[in-house]
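Please have the sequence and the 3D view open while reading.

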Amino acid sequence: MFGRAARIAPAITSAGIKVRSMIMRPMGARFMHAHDAQASSSEADHTQVDGSELFAVERSSPIVHTRLSYLSPETRPKGKKAVSYVPMSAHVFNAAPHQHAMHMAVVYYLDALRSGTASTKSRSEVSRSGRKLRPQKGSGKARLSDAGSPMLRGGGVAHGPKPRDFKTELPRKVRELALRSALSARLQEGSLHVVPSLHWYAPPMSTNKLARLLSAKQWTDALLLTAPRQPVPPMMSERGAMRPSSADLLYTDDQIMRHAKYIRNFDLASRNLPDVQLMRLHELPPHPRPRLEHEKQPGELHAYQVLQYKRVIMDLGALEWLEAKLGGSLVHQVYAEEMLHLNEQQPPFDTSETHEAPPAAPTDPLDTAAPSAA
């Protein structure tokens, strides 16, 4: 169970070091006051508006692009080789990796997996006589009580373990931050791949083909995520709108049946492969509130499961599920409203270098009258 735990610490340590350049497109700018922009004053353009000191700070796009990979040869475009890029939420997949949050999430996950069934008997629980073995004084030996003493063989255990629950609590925001940090770290180091679908050949001989393909792509130690496309937006309250992960995504029966049919061959082919796990995100149970004692494993997708494998491969349905659950779609909506509000408030800036002559002053009718005779 804990065979992969030794590799988690190096993965968390290198999460903030390995950075891979990604395609980003700057869109728009926002203004902040001088006392809020002391850290970025050297990189900002100084602007004076209405006597108050402001700084124009360039704002990056909430979208980050990654190259689309192909698993099955049937899903690759035929003819001329095409290179496609998939837009992804920068809020989910381009966040700054938080090492401490990922460490707390790993400890939280491993604590929840502990069974806590170790138990020993104390001196009052062992089957021994309570008679004092020898007198307190006069024997010339050390004083000794009954046969259940922890000093004797077959006696009780002093301060031994008892069955207990090792689970700890971690706030929802910290768990989501750890998951976004883990996904962003995998993307920045080039270990996160998006495929159009997980369509695969029907058995027999499907496992051998899949094993050779994953070995050629170096995807042997991989976590594969899948979910149906285009989930139905849930009805969220005002509080739920600020907590996207609190609402479960809804899928129709037809969507679930079509997804189960298309993923069946890949599930059968990857079932016997070691270090390859297929996870259906739409089938994960919600995080219990409060957590029950017998439910040791968290029901949601956890940062430990992402850091546990060297590669993370997801289809487009899993990408939509992660963006909806981690607030990526909500950030896109807020960003679009903010940019629309900015464009409505600010007049268009004229970048032309030509300067027109100032208009002539209006003439006074009295000045145009005929001068009087001297």
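Over the ring of which residue does the charged end of Lys 217 sit? The ring is that of Trp 219, and the charged end lies 5.1 Å from its centre.

## Basis of the report

This is a predicted model, in which local features need pLDDT of at least 70 and side-chain atom pairs count only at pLDDT 80 or more, while totals for chains, interfaces and linings use all residues. Residues are numbered from 1 along each chain as its sequence is written, and side-chain values use heavy atoms, with hydrogens and water left out.

## Charges over rings

A charge counts as sitting over a ring if NZ of Lys or CZ of Arg is within 6 Å of the ring centre and within 35 degrees of the ring normal. Besides the contact between Lys 217 and Trp 219, Arg 114 lies over the face of Phe 166, at 3.7 Å from the ring centre.

## Aromatic pairs

Rings of Phe, Tyr and Trp (its six-membered ring) pair if their centres lie within 6.5 Å; planes under 30 degrees apart count as stacked, over 60 as edge-to-face and the rest as tilted. Two such pairs turn up in a search of the whole structure. Tyr 109 and Tyr 304 are stacked, because their ring centres are 4.8 Å apart and their planes meet at 20°. Tyr 109 belongs to helix 3 (residues 99-113) and Tyr 304 to helix 8 (residues 303-307), so the pair ties together parts that are 195 residues apart in sequence. Helices here are DSSP runs (H or I, at least four residues), numbered from the N terminus.

Both Tyr 109 and Tyr 304 are buried, a term that means under 20% relative accessible area, with exposed over 50% and partly exposed in between (1.4 Å probe, protein chains only). For Tyr 304 the value is 2%. The rings of Trp 200 and Tyr 201 have centres 5.0 Å apart and planes at 70°, so this pair is edge-to-face. Trp 200 is buried at 3%, whereas Tyr 201 is partly exposed at 24%.

## Between helix 3 and residues 303 and 304

The C-alpha atoms of Tyr 304 and Leu 110 are 8.5 Å apart, although 194 residues separate them along the chain. His 103, in helix 3, has its C-alpha atom 9.4 Å from that of Ala 303, which is 200 residues away along the chain. His 103 is partly exposed, with a relative accessible area of 44%.

## Helix 9

How many of the ten residues of helix 9 (residues 316-325) are buried? Eight are, so the helix is largely enclosed by the rest of the structure. Among them are Trp 321, Glu 323 and Lys 325. Gly 327, which follows helix 9, has a positive phi near 85°.

How values were computed. Helices (H or I, at least four residues) and strands (E, at least two) are DSSP runs, numbered from the N terminus.
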